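Notebook open, pencil out. Here is what I looked up today, one topic at a time.

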Amino acid sequence: MSFSLAGQVLFKKLPDFPGSARDDAFAFYHKGFIYAGFGLDQGFTHRNDWWRYNLATAEWQQLENPPLSPRQYVRGFVIGDSLYLFGGQGPNGEFYGDFYRYSILEDEWKALADPPWGARWAGVGFSIGRTGYLGLGYNGQESFKDLWAYNVQEDNWQEKASLPGPGRAKGYTSVLENKVAVGAGLIEDSSGLQILADHYFYYPLSDRWEKQDFLAIPGSYFFASSSYQQALLLGGFSRSNNRNTLSSSLEIINFAKEESDVYDIDTLPFRRGGNFIKIDDQNYFLLWGLDSNFRRINAFYSLELSPPQTAINTQVYPNPLRQHLVWVQCNQSQDIAIFSLAGERVYQASQGAGLVLHSIPQQLQGLCFLWVGKECFKIWVE
């Protein structure tokens with residue numbers, strides 16, 4: 001079974017995962033294979049099984065169980081041909097602070113030294129280049145907002161800038177090339193659950209956070225990934241007036257344009273706590289989670305996204321200008337301004353998206369600066 005949404009998103013149902021249905025598990029893609037395991041199954045039993053799906057043969061294979069104890073809410077990252085896994089919550093509510101390296105090609109696990117911040121679960125984990133990051137999360141008493149970077153070569157940790165908002169667990173993380181979108185989630189305490197709606201960018205190179213006011217989506221347990229530098233959020237859980245709500249939508253968020261596309265996925269079983277597995281910017285898999293009746297599922301789907309329409313780059317021509325006429329092409333409405341070399345504004349106008357011819361003052365000569373919105377072009381007027 002397959003179906004398309006607005007011609008942009010194509011879902012295809014695949015044979016169910018052959019093991020037990022579950023949620024809050026862990027899965028990732030690496031060189032033609034999906035690796036997946038852990039989580040809480042339909043019998044409320046914590047798992048530590050480990051599986052591999054071959055994209056070429058469309059077959060699942062159960063591998064030897066990892067040496068980690070059964071658990072859910074583990075977090076990790078991939079660097080090169082290694083997976084690094086941390087923490088989680090166990091069958092009796094205990095939480096872990098252990099740290100393991102999984103050699104993907106050799107199918108071998110190795111225990112590493114515990115990180116310096118203590119046990120916790122359901123935080124964030126991601127990698128940028130050759131650096132891995134772990135942080136945030138919950139330890140049964142406190143929600144955290146710290147972030148730590150792992151140097152693989154030196155096998156050590158460095159504390160980075162903390163999330164400026166409240167500590168949290170079960171939020172979302174979307175890696176967007178040189179930055180990471182982090183947000184939503186929840187705070188757990190004696191009074192119950194506080195569902196969060198704030199969103200932030202983290203910039204690893206400058207080690208800074210930046211709050212995003214656009215699209216404050218409350219929720220937790222999202223299926224989360226990224227595509228073409230956009231965040232993808234599917235499903236999610238929220239609570240209002242002591243009523244639990246499960247989302248039935250896929251939201252593709254373009255932070256740069258401050259807009260999003262929302263697709264109704266009510267016909268799919270996925271609602272919260274599953275895995276959004278990225279192959280590339282167009283191809284994904286959806287695995288596990290809870291359905292609309294809060295039942296754990298072993299559903300397995302592929303998802304294909306159409307690439308976004310290529311934006312028209314801003315263009316100014318001819319250059320040098322002759323006859324004091326200049327064409328400006330842009331992909332959205334912009335303010336146009338021309339300044340002389342002395343800094344005097346000699347021309348201003350507004351134009352919509354597309355190609356527009358501008359006639360500039362006849363007395364203007366030599367080097368000038370043409371602004372299209374926030375872009376500046378040096379032009380020569382003959």
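Where does S225 lie? I found S225 in strand β23. (Strands are DSSP runs of E, at least two residues, and helices are runs of H or I, at least four residues; both are numbered from the N terminus.)

Before going on, I noted that this is a predicted model, where local features need pLDDT of at least 70, side-chain atom pairs count only at pLDDT 80 or more, and totals for chains, interfaces and linings use all residues. Residues are numbered from 1 along each chain as its sequence is written, and side-chain values use heavy atoms, with hydrogens and water left out.

**Entry: S225, continued**

I looked up the accessibility of S225 and got a relative accessible area of 8%, so S225 is buried. (Buried means under 20% relative accessible area, exposed means over 50%, and partly exposed is in between, with a 1.4 Å probe and protein chains only.) Then I listed what S225 touches, leaving out residues up to four places away in sequence: S174, Q230, A231, L232, F276, K278 and Y284. (Contact means heavy atoms within 4.5 Å.)

**Entry: the whole chain**

I counted zero helices and 38 strands in the protein chain. Its C-alpha atoms fill a box of roughly 80 × 50 × 45 Å along the principal axes. Of the 382 residues, 52% are buried. I also checked contacts between residues at least 6 apart in sequence, and 48% of them join residues at least 24 apart.

**Entry: the largest pocket**

What volume does the largest pocket have? I got about 1200 Å³. (On a 1 Å grid over the protein atoms alone, a pocket is an open set of points with protein on both sides within 12 Å along at least five of seven lines, a cavity is a set where a 1.4 Å probe fits but cannot get out, and lining residues have an atom within 4 Å of a point. Grid points are joined across faces, edges and corners, and a volume is the space filled by probe spheres set on the points.)

The pocket has 43 lining residues, and the closest to its centre are A27, G125, T173, A224 and F276. The elements that give two or more residues to this lining are β4 (26-30), β9 (75-79), β13 (124-128), β17 (172-176), β23 (223-227) and β29 (275-278). By class, I have 22 nonpolar, 14 polar and seven charged residues in the lining. (Ala, Val, Leu, Ile, Met, Phe, Trp, Tyr, Cys and Pro count as nonpolar, Asp, Glu, Lys and Arg as charged, and the others, Gly among them, as polar.)

**Entry: the cavity**

I found one cavity of 30 Å³ or more. The largest cavity has a volume of about 70 Å³. Of its 13 lining residues, R75, F86, R120, G123 and G135 are the closest to the centre. Strand β14 (residues 131-138) gives the most to this lining, with three residues. I sorted the lining of the largest cavity into nine nonpolar, two polar and two charged residues.

**Entry: nonpolar cores**

Which residues have the most contacts inside the largest nonpolar core? I wrote down V9, F11, L250, F270, F276, L286 and L303, in a core of 21 residues. (A nonpolar core is a set of buried Ala, Val, Leu, Ile, Met, Phe, Trp, Tyr and Cys residues joined through side-chain atoms within 4.5 Å.) Strand β31 gives the most to this core, with three residues. Apart from it lies another core, of 16 residues, including L321, V328, I336 and I379.

**Entry: H358**

H358 is in strand β36 (residues 354-359). Is H358 buried or exposed? I got a relative accessible area of 4%, so H358 is buried. Its side chain makes a polar contact of 2.9 Å with the side chain of Y347. (A polar contact is a pair of N or O atoms within 3.5 Å; within protein, one must be able to donate a hydrogen and the other to accept it, and residues adjacent in sequence count only if both atoms are side-chain atoms.) Leaving aside neighbours within four places in sequence, the contacts of H358 include V328, I336 and Y347.

I looked up two cis peptide bonds: Y317 to P318, with omega near -5°, and N319 to P320, with omega near 15°. P318 sits in the loop between β32 (315-317) and β33 (325-330), and P320 is in the loop between β32 and β33.

Y228 is not a glycine, yet has a positive phi of about 50°. I placed Y228 in the loop between β23 and β24.
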